[in-house]
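Please look over the model shown below before reading on.

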Amino acid sequence: FLGWFVLLAYAATGALVIKAAGREGFDTILLTFVAATAAIVAIEFALVIIESGGIHISLPVVKNEIQGFAQNRNSFAFQILMALSAAIVAVHNSRTRVLLIATFMVGLWWCGSRSGWGTAIILILGSLYLRAATVAEMASAILLAIVAGLSPLVTAFLANLAALLVHLWNGTYISLYALLPHIDLPEITPSAADHAERLLSIKHGWELFITNPIFGAGLGAFRNLGIPSSSGVPLIIHSTPLWIMAEMGLVGLVVFAWPALYILFAEFRRKKRDSASQLVVLCLVAFAVMAMPADMFYQRTFWFLIGAGLAMRAPVEYEW
């Protein structure tokens with residue numbers, strides 16, 4: 001219950017920055033957030049390349065599941081999506097924007113978050129619809145991301161080639177098969193354990209909702225079931241809407257969904273959308289899509305950016 005006020009505090013913080021500094025504050029917090037996220041992605045990707053070259057370092061990096069400081073690939077993927085939304089609307093130099101979008105695409109790939117991949121596609125299409133980005137920019141970013149994403153394979157190949165040359169110099173035999181790069185790529189399909197755990201949370205969450213459809217079973221009811229996850233901590237419902245329905249019922253779902261839908265509908269009816277309006281739409285769309293298969297409700301970056309965007313947006317002049 002108290003966590004809701006923490007989220008409101010994040011939204012209020014974003015709004016207070018705009019109240020104090022206006023457009024300059026809006027641009028500053030977006031560019032700062034974009035730069036910080038891009039730096040984290042770049043560091044994580046650099047560690048992936050280093051590990052692919054056979055240099056093992058004592059840092060908590062998983063080559064096919066980078067997690068940033070979130071320490072969870074889905075949470076990190078969502079942070080990247082928020083930064084991608086901010087970069088699309090706040091970075092005006094086309095080359096810089098392409099570079100940043102490509103960086104975030106590479107980060108999303110190496111996160112191994114399937115829900116993040118699907119949401120990124122919707123986000124890209126949404127940015128094109130809002131005319132916040134151009135097809136040429138997105139095509140260039142995708143091409144650049146593909147080239148950069150292949151660099152760990154190239155690094156692994158060069159490392160193997162160097163090892164082969166050393167063996168030849170020493171007169172020892174080594175199979176040419178060893179030249180082939182062997183690195184752990186992100187999994188395209190979910191593992192059996194992940195799939196079973198997700199279905200289990202949805203099954204029990206739906207049962208809670210059916211039992212108490214109007215007002216829900218109460219906050220914390222699902223956690224109190226004591227269902228263990230694969231990591232040993234209590235299982236959570238891997239879907240934000242289902243979690244709200246299970247613990248707060250249809251009334252709770254309406255209370256949370258109605259303001260979001262109202263804002264989204266109002267922004268789509270604008271005659272002209274500014275950068276703040278575009279940010280609000282992209283963040284809401286990303287949250288709505290990714291929250292379906294994963295619980296994204298307590299991602300602070302979303303609430304911070306939404307607070308700033310709502311405080312910055314111009315009064316609505318309806319198109320129809």
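## The second largest pocket

Which element gives the largest share of the lining of the second largest pocket? The largest share, 12 residues, comes from H8, where helices (H or I, at least four residues) and strands (E, at least two) are DSSP runs that are numbered from the N terminus. This is a predicted model, in which local features need pLDDT of at least 70 and side-chain atom pairs count only at pLDDT 80 or more, while totals for chains, interfaces and linings use all residues. Residues are numbered from 1 along each chain as its sequence is written, and side-chain values use heavy atoms, with hydrogens and water left out.

The volume of the second largest pocket is about 700 Å³. It is lined by 26 residues, and those closest to its centre are Phe256, Ala257, Ala260, Leu284 and Phe287. Two or more lining residues are given by each of helix H1 (2-52), helix H8 (240-268), helix H9 (275-290) and helix H10 (300-312). By class, this lining has 25 nonpolar residues, one polar residue and no charged residues; here Ala, Val, Leu, Ile, Met, Phe, Trp, Tyr, Cys and Pro count as nonpolar, Asp, Glu, Lys and Arg as charged, and the others, Gly among them, as polar.

## The largest pocket

The largest pocket has a volume of about 950 Å³. On a 1 Å grid over the protein atoms alone, a pocket is an open set of points where a 1.4 Å probe fits, with protein on both sides within 12 Å along at least five of seven lines, and lining residues have an atom within 4 Å of a point. Grid points are joined across faces, edges and corners, and a volume is the space filled by probe spheres set on the points.

Of the 34 residues that line the largest pocket, Asn72, Asn74, Glu197, Arg198 and His238 lie nearest its centre. Helix H2 (73-90), helix H4 (114-129) and helix H7 (192-211) are the elements that give two or more residues to this lining, and the largest share, six residues, comes from H7. The lining of the largest pocket has 12 nonpolar, 13 polar and nine charged residues.

## The chain as a whole

The chain has 10 helices and zero strands. Of its 320 residues, 43% are buried, where buried means under 20% relative accessible area, exposed over 50%, and partly exposed in between (1.4 Å probe, protein chains only). Among the contacts (heavy atoms within 4.5 Å) with a separation of 6 or more, 76% are between residues 24 or more positions apart.

## Aromatic rings

A search of the whole structure finds 15 aromatic pairs. Rings of Phe, Tyr and Trp (its six-membered ring) pair if their centres lie within 6.5 Å, and planes under 30 degrees apart count as stacked, over 60 as edge-to-face and the rest as tilted. Trp206 and Phe209 form a tilted pair, with 5.3 Å from centre to centre and 50° between the planes. These two residues are three residues apart in helix H7, so they are separated by about one helical turn. Trp206 is partly exposed, at 43% relative accessibility, whereas Phe209 counts as buried at 8%.

The pair of Phe297 and Tyr298 is edge-to-face, because the ring centres are 5.2 Å apart and the planes stand at 75°. Phe297 is buried, with a relative accessible area of 5%, while Tyr298 is partly exposed at 33%. Both belong to a cluster that ring pairs link together, with Trp4, Phe78, Trp243, Phe256, Phe287, Phe302 and Trp303 also in it.
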